[in-house]
Amino acid sequence: MQRGALALGPGDGLAWCEMARGLLLHRVRLEADGRRVAAWQVLAPTEWNAHPRGTLAQALAALPETGPRSEAARLLALAFDPCVDVEVICDA
């Protein structure tokens with residue numbers, strides 16, 4: 001799995017790690033004295049996967065037009081992120 005870190009400036013850094021469900025990204029900025037966190041941002045695999053142009057959206061768009069789409073959609077969502085509660089509503 002890939003991982004790494006990058007200093008963006010004094011007291012400002014970015015770190016990433018490839019997880020089973022995708023990329024986990026953290027950005028941290030320390031206060032000027034370097035003793036406390038001033039800002040911390042996390043971008044989790046769920047946010048990448050569930051983005052409207054993410055891998056889950058692409059997989060859902062590739063489902064065949066016929067057949068049990070709602071069950072296939074539910075299974076895809078669970079496969080991408082089993083930690084997220086999923087409800088599939090289809091326009092029939």
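# Asking why: a patch, a pocket and some salt bridges

Tutor: Let's begin with a nonpolar surface patch of about 380 Å², made by Leu-30, Val-37, Trp-40 and Val-42. Keep in mind that this is a predicted model.

Student: Which strand gives the most to the nonpolar patch?

Tutor: That is β4, residues 37-43, with 3 residues. Val-42 is found in this strand.

Student: Why is Val-42 called partly exposed?

Tutor: Set the value against the cut-offs: buried means under 20% relative accessible area and exposed means over 50%. Val-42 has 41% relative accessibility, so Val-42 counts as partly exposed.

Student: Now the salt bridges. How many does the structure hold?

Tutor: The structure holds 5 salt bridges. One of them joins Arg-21 and Asp-81.

Student: What makes Arg-21 and Asp-81 a salt bridge?

Tutor: The test asks for a side-chain nitrogen of Lys or Arg within 4 Å of a carboxyl oxygen of Asp or Glu. In this pair the closest N and O atoms are 2.6 Å apart, so the pair passes. The pair links distant parts of the chain: Arg-21 is in the loop between β2 (12-19) and β3 (22-30), while Asp-81 is in the segment after α3, 60 residues apart.

Student: Are these two partners buried or partly exposed?

Tutor: One of each. Arg-21 has a relative accessible area of 31%, so Arg-21 is partly exposed. Asp-81 has 5% relative accessibility, which is under the 20% cut-off, and therefore counts as buried.

Student: How do you know that Arg-36 and Glu-31 form a salt bridge?

Tutor: Their side chains meet at 3.5 Å, N to O. The limit is 4 Å, so this pair qualifies as well. As for Glu-31, its relative accessibility is 33%, so Glu-31 counts as partly exposed.

Student: What separates Glu-71 and Arg-74 along helix α3?

Tutor: About one helical turn, because Glu-71 and Arg-74 are 3 residues apart in helix α3. They form a salt bridge, with the closest N and O atoms 2.8 Å apart. Glu-71 has a relative accessible area of 35% and is therefore partly exposed. Arg-74, with 30%, is partly exposed too.

Student: Let's turn to the largest pocket. What is its volume?

Tutor: The largest pocket has a volume of about 200 Å³. Rolling a probe the size of a water molecule over the atoms shows where empty space is left.

Student: What lines the largest pocket?

Tutor: There are 13 lining residues, and Asn-49, Ala-50, Leu-56, Ala-77 and Val-84 lie nearest the centre of the pocket. The lining divides into 8 nonpolar, 3 polar and 2 charged residues.

Student: Why is Ala-50 called exposed?

Tutor: Exposed means over 50% relative accessible area. Ala-50 has 52% relative accessibility, so Ala-50 counts as exposed. Its place is in the loop between α1 and α2. The C-alpha atoms of Ala-50 and Val-37, 13 residues apart along the chain, are separated by 28 Å.

Student: Where is Val-88, and why is Val-88 called partly exposed?

Tutor: Val-88 is found in the segment after α3. With 31% relative accessibility, Val-88 falls between the cut-offs of 20% and 50%, so Val-88 counts as partly exposed. Its C-alpha atom is separated by 7.1 Å from that of Ala-73, 15 residues apart along the chain.

Student: What about Val-86: why is this residue called partly exposed?

Tutor: Val-86, in the segment after α3, has 27% relative accessibility and therefore counts as partly exposed. The C-alpha atoms of Val-86 and Pro-45 are separated by 16 Å, with the two residues 41 apart along the chain.

Conventions:
Residues numbered from 1 in each chain as written. Predicted model: local features only at pLDDT ≥ 70, side-chain atom pairs only at ≥ 80, totals over all residues. Heavy atoms only, no water. 1 Å grid on protein atoms, 1.4 Å probe; cavity = no way out; pocket = protein on both sides within 12 Å on 5 of 7 lines; lining within 4 Å. Points joined across faces, edges and corners; volume = space filled by probe spheres on them. Nonpolar A, V, L, I, M, F, W, Y, C, P; charged D, E, K, R; others polar. Patch = residues over 30% accessible without salt bridge, like charges linked within 9 Å, V, L, I, M, F, W, Y side chains within 5 Å. Areas by Shrake-Rupley, 256 points an atom, 1.4 Å probe, with all protein chains shown as cover. Helix = DSSP H or I, 4+ residues; strand = E, 2+ residues; numbered from the N terminus. Buried < 20%, exposed > 50% of the residue type's maximum accessible area, 1.4 Å probe, protein only.
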